[in-house]
Structures are given as structure tokens and as C-alpha cells.
Amino acid sequence: MCAPISELEQEELLEKLEVFKIKGRDKHGRKILRIIGKFFPARLITVEVLKKYLEERVFPKLGKRKFAVLYVHTDVQRSENLPGISGLRSIYDAIPTNVKENLEAFYFIHPGLQARLFLATLGRFLFNAGLYGKLKYISRVDFLWEHVRRNEIEIPEFVFDHDEDLEYRPMMDYGLESDHARLYGGAPTMDSPVTTYSMRCIS
């Protein structure tokens, strides 16, 4: 069990790990909010701190213009990187109406079978139909470049590694195989800087 840390330490951790980063644009010219699911330390961050962080440090940077979310689900572990169903609903409900309205596309990289089933069933009840209709599943990074300006986005190296695994083990896409060694390798902790994960910016 992780020892509790202060609200300030939680906010500093989110900043250090760069879980949320606004950079680049998609091919419609919209700003991109990149979210790396594997970087989110759910056991250390409370839902209230996360909502406060988004309200004060992320949403204001989006301004009043249309934007897109690029969510990287690669190697996410439910117990380590997700705040739970009630937490997700609480976070979604706290998003200002204007932010929800300005979100025009949600690019979801490496969704996997469980994520697809969750969003197709419970997701329809947790989030409104408008958000669900904006989802675009991206099964390979190469397909992402059809929607996003590739020279403006940094993607962690482990995402490309997962793509390579899928080329040789395509059944992983359907949940019939798992990359056990990587999947259970652990999430970043307070002592693990984001530079532990190398980034690749494609030009």
C-alpha cells in the first residue's frame, strides 16, 4: 500500500510525469491534449486532486477553441493507472460544459478488447452520447498519422514497441494474448522520472 502524499506532491507528480500535455495539432488544425494512461499513478493521486489539476493547469491552456484528445492506452493496468468507474464519472461530470463542447475528437490508441467492451456498454451510461460519438479507435500508430500531424507529437517508445508486438502477435488486439512481461512491469512511481520512458517525435 502506497503511503499518502500531500496534495501539492500529487500535483507536482502529475506535472513531472507529463500525464497531460498540450502540444501539436491534428489535421483539422485543432490543439491536441495528449494523455499517457501508463504514466498516471492512480494509487497516489486522488480524484479530487486530479479534478483540481485539470481545472487549474490543463483546461485554461485549451482556451475557447476546438481541440482533440489523444489518449494512449498502451500497457495501461486497471489497478495501477485508472481511477475506477466512479472516479471516471466524477471527473467527467466536473469537466466544464464549454470544454466538453469544444472537444471534437477523441483519438484512442491501442484500445484492446476490454476497453472497447467497456466503452460500448458501461461507457454509454457513464458518458453522454456526444462524447462516445467522438471516439476514434487507433489500433496502430501508423494509422494515427491519418488524423494527426506526425512531426508535432511525441509518442513514448513503448507504444512503438507494442505496435511491433502486434505485428507478430495480432491476437493481442482481441485480448486472446497478453504481453505479460511488459504489462506487469509496473507504473511510474515518485522516484521514476518521465524520462524513464524514451519519446519519439516523428518527422
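1. Confidence. The mean pLDDT of the chain is 82, and 79% of the residues reach a score of at least 70. The model is predicted, and one stretch calls for a separate remark: over residues 174–197 pLDDT stays under 50. For this stretch the model has 47 contacts beyond four places in sequence. Those contacts should be read together with the pLDDT of under 50 for residues 174–197.

2. Overall organisation. Eleven helices and seven strands make up the secondary structure assigned to the chain. The chain has 203 residues, and 43% of them count as buried. Among contacts in the chain with a separation of 6 or more, 79% are between residues 24 or more positions apart. The accessible surface is about 11000 Å², and carbon and sulfur atoms account for 53% of that area.

3. The Tyr71–Phe106 pair. Six aromatic pairs are found in the whole structure. One of them joins Tyr71 and Phe106: the ring centres are 6.4 Å apart and the planes meet at 50°, so the pair is tilted. Since Tyr71 belongs to strand 3 (residues 67–72) and Phe106 to strand 4 (residues 103–109), the pair ties together parts that are 35 residues apart in sequence. Tyr71 is buried, at a relative accessible area of 11%, and Phe106 is buried too, at 17%.

4. The Phe108–Tyr137 pair. Phe108 and Tyr137 form an edge-to-face aromatic pair, with 5.8 Å from centre to centre and 70° between the planes. This pair also links distant parts of the chain, as Phe108 lies in strand 4 and Tyr137 in strand 5 (residues 135–138), 29 residues apart. Phe108 has a relative accessibility of 6% and therefore counts as buried. Tyr137, in contrast, is partly exposed, with a relative accessible area of 28%.

5. The cluster as a unit. Which residues form one aromatic cluster? The members are Tyr71, Phe106, Phe108 and Tyr137. Strand 4 contributes Phe106 and Phe108 to this group.

6. Charges over rings. Elsewhere, Lys38 lies over the face of Phe158, at 4.3 Å from the ring centre.

7. Helix 1. How are the buried residues of helix 1 placed around its axis? Helix 1 spans residues 7–17, and its buried residues are Gln10, Glu11, Leu13, Leu14 and Leu17. They cover an arc of only 155° around the axis, which puts them on the same side of helix 1. Helix 2 (47–62) is included in what covers these buried residues. Just after helix 1, Glu18 adopts a positive phi of about 55°.

8. Helix 4. Helix 4 covers residues 85–94, with Gly87, Ile91 and Tyr92 as its buried residues. Viewed down the helix axis, these residues fall within an arc of 130°, so they line one face of helix 4.

Conventions: Residues are numbered from 1 along each chain as its sequence is written. This is a predicted model: local features need pLDDT of at least 70, side-chain atom pairs count only at pLDDT 80 or more; totals for chains, interfaces and linings use all residues. Side-chain values use heavy atoms; hydrogens and water are left out. Helices (H or I, at least four residues) and strands (E, at least two) are DSSP runs, numbered from the N terminus. Buried means under 20% relative accessible area, exposed over 50%, partly exposed in between (1.4 Å probe, protein chains only). Contact means heavy atoms within 4.5 Å. Accessible areas come from the Shrake-Rupley method with a 1.4 Å probe; for residues, only the protein chains shown count as cover. Rings of Phe, Tyr and Trp (its six-membered ring) pair if their centres lie within 6.5 Å; planes under 30 degrees apart count as stacked, over 60 as edge-to-face and the rest as tilted. A charge sits over a ring if NZ of Lys or CZ of Arg is within 6 Å of the ring centre and within 35 degrees of the ring normal. pLDDT is the predictor's confidence in each residue, from 0 to 100. The arc is that of the directions from the helix axis to the C-beta atoms.
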